[in-house]
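Please consider the sequence and the three-dimensional structure shown below. The paragraphs that follow lead through them step by step.

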Amino acid sequence: MKKVFVFLCMAGALIGLSSCASTKNAATLSSLSGEWNIIEINGAVVVPTPGEEFPFIGFDTQTGNVHGSTGCNRLLGNFDVQAKAGELDLSGLGSTRMMCANMSVEENVLAALSRVKKYKQLEDGNMALCSSSKRPVIVLQKKK
């Protein structure tokens, strides 16, 4: 019985460390500043259709402005720069509405962004945008 309890405790600790609630990888608001490629959505690697640009998002942490691209249309909006560290609400973003040959990447980007409530720095330098359930929905990689 003791072994089962120890195993459950270790499993719980591992899950806790991988969530966006982890303080180990807590990120400051300034760490979001700049432009980021959207490289993963809901655990799936983002692969743009030939002829479409890679989706990205940019944060101006001084003004709270957000800009970017879904791979087809432009993103725009803002976020609360006064929010607690690690909290980020992107549910109010808007986008242009051009038709594209393949709308699946755009639909995935917009759906995932609407669920973002938190962020954290990952060990590899990437950034995770997480849902209210603290699960990463988007992984960002800093643009060079």
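**A guided reading of the fold**

In the hairpin of strand 8 and strand 9, five residues lie between the strands, and K134 takes a positive phi near 70 degrees. Helices and strands here are DSSP runs (H or I over at least four residues for helices, E over at least two for strands), numbered from the N terminus. The model is a predicted one, in which local features need pLDDT of at least 70 and side-chain atom pairs count only at pLDDT 80 or more, while totals for chains, interfaces and linings use all residues. Residues are numbered from 1 along each chain as its sequence is written, and side-chain values use heavy atoms, with hydrogens and water left out.

The overall composition comes next. The protein has two helices and nine strands, and along the sequence these follow the pattern α-β-β-β-β-β-β-α-β-β-β. Of its 144 residues, 37% are buried, where buried means under 20% relative accessible area, exposed means over 50%, and partly exposed lies in between (1.4 Å probe, protein chains only). Among contacts with a separation of 6 or more, 50% are between residues 24 or more positions apart; a contact means heavy atoms within 4.5 Å.

The strands towards the end of the pattern can be followed through their pairing, which requires that DSSP finds at least two bridges between two strands. Strand 7 (residues 118-121) and strand 8 (residues 127-130) are antiparallel and share four bridges.

The loop between strand 8 and strand 9 (136-142) contains S132. With a relative accessibility of 58%, S132 counts as exposed. Apart from neighbours within four places in sequence, S132 is in contact with R115 and K117. The C-alpha atoms of S132 and K118 are 7.1 Å apart, although the two residues are 14 residues apart in sequence.

A search of the whole structure finds one disulfide, defined as a pair of cysteine sulfur atoms within 2.5 Å. The disulfide joins C72 to C100, with an S to S distance of 1.2 Å. This pair links distant parts of the chain, 28 residues apart: C72 is in the loop between strand 4 and strand 5, and C100 is in the loop between strand 6 and helix 2 (104-114). C72 is buried at a relative accessible area of 15%, and C100 is buried at 17%.

N73 also lies in the loop between strand 4 (65-69) and strand 5. N73 is buried, with a relative accessible area of 1%. Not counting residues up to four places away in sequence, N73 touches G68, T96, R97, M98, C100, M103 and E106. A polar atom of the N73 side chain lies 2.6 Å from the backbone nitrogen of M98.

The aromatic rings remain. Which kind of arrangement do the rings of F59 and F79 adopt? Rings of Phe, Tyr and Trp (its six-membered ring) pair if their centres lie within 6.5 Å; planes under 30 degrees apart count as stacked, over 60 as edge-to-face and the rest as tilted. By this rule there is one aromatic pair. The ring centres of F59 and F79 are 5.7 Å apart and their planes stand at 80 degrees, so the pair is edge-to-face. This pair links distant parts of the chain, with F59 in strand 3 (residues 56-60) and F79, 20 residues away, in the loop between strand 5 (74-78) and strand 6 (94-95). Both F59 and F79 are buried.

Methods: Polar contact = N/O pair within 3.5 Å; in protein donor to acceptor, adjacent residues only side chain to side chain.
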